[in-house]
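I opened this entry to keep track of what I looked up, one item at a time.

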Amino acid sequence: MHMFYLHVLLMICPVCRLCPTASYGAYPICKGCSMCSRDNGCVNCQPKLFLFLRRERMRQYGECLHDCPAGYYGMRSPELNMCSRCRIENCESCFSKDFCTKCKSGFYLHKGRCFDRCPEGFAPLDETMECGEGCEVGQWSEWGACTKRNKTCGYKWGLETRTRHIVKKPPKDTIPCPTIAESRRCKMPTRHCSRGKNVLWSYVNI
């Protein structure tokens, strides 16, 4: 693909010329080029430099840079080193086409991708705009007995609770752990309480 790009430029740029290694002649736009045109800029770059295609309105010309600008990453090949645009959604700077290094404002970086909310198990770090390792919790237990005032009878409705344990605390205390206990309303399985041989037949509605 790079060789194809080079051939196309040479076809549309008959005034392209080879540039001396240590200079770029009368065309300042050709700085760092190994082949350049006064109209289209660099067509190929000196070793270790990246070719960047800059657009200004309807015009496009090539520049040779040591580092690619924000929003682009350097892609090396035997034929041509080029600056390619980051294609990762909401990414400002990237290391490669699949790995972002800095997200746009309002997004958190996590494993080379950008998120408006951190994935489950990770917490947002506003200082660095990254997703930090969050609090790790275990599985929920089974729902406990339906009770009210420590009784499992004598009422029509009660509460049942389930819990889970913290398996791993977060590296920073500022990252909160999710809830480890939750309750829900439940219906008592037994409306009447029995005490010895006496049976309490009344219950309280709530």
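**Entry 1: E133.** The model I am working from is predicted. I began with E133 and found it in strand β13, which covers residues 130-133. Is E133 buried, exposed or partly exposed? I noted a relative accessible area of 40% for E133. Buried means under 20% and exposed means over 50%, with partly exposed in between. E133 is therefore partly exposed. I then looked up a distance from E133 to K169. The two residues are 36 apart along the chain, and their C-alpha atoms are separated by 9.4 Å.

**Entry 2: the disulfides.** How many disulfides does the structure hold? I wrote down nine. I went through some of them in turn.

**Entry 3: C33 and C42.** C33 is joined to C42 by a disulfide, with an S to S distance of 1.7 Å. I looked up the angle about the S-S bond of C33 and C42 and found -70 degrees, a left-handed link. For C33 I noted a relative accessibility of 1%, so C33 counts as buried. C42 also has 1% relative accessibility and counts as buried.

**Entry 4: C45 and C64.** The sulfur atoms of C45 and C64 are 2.1 Å apart, and the two residues form a disulfide. Which parts of the chain does this pair tie together? I placed C45 in strand β3 (residues 41-45) and C64 in strand β5 (residues 59-65), so the pair ties together parts that are 19 residues apart in sequence. The disulfide of C45 and C64 is left-handed, because the torsion about its S-S bond is about -95 degrees. I checked burial as well: both C45 and C64 are buried.

**Entry 5: C146 and C186.** I found another disulfide between C146 and C186, S to S 1.9 Å. C146 lies in the loop between β14 (136-137) and β15 (157-163), while C186 lies in strand β17 (residues 181-187), so this pair ties together parts that are 40 residues apart in sequence. Is the disulfide of C146 and C186 left-handed or right-handed? I noted a torsion of about 100 degrees about the S-S bond, so the disulfide is right-handed. C146 has a relative accessibility of 9% and counts as buried. C186, with a relative accessible area of 7%, is buried.

**Entry 6: C36.** Last, I looked up C36. The relative accessibility of C36 is 1%, and so I listed C36 as buried.

Terms used. Residues numbered from 1 in each chain as written. Predicted model: local features only at pLDDT ≥ 70, side-chain atom pairs only at ≥ 80, totals over all residues. Heavy atoms only, no water. Helix = DSSP H or I, 4+ residues; strand = E, 2+ residues; numbered from the N terminus. Buried < 20%, exposed > 50% of the residue type's maximum accessible area, 1.4 Å probe, protein only. Disulfide = S-S within 2.5 Å.
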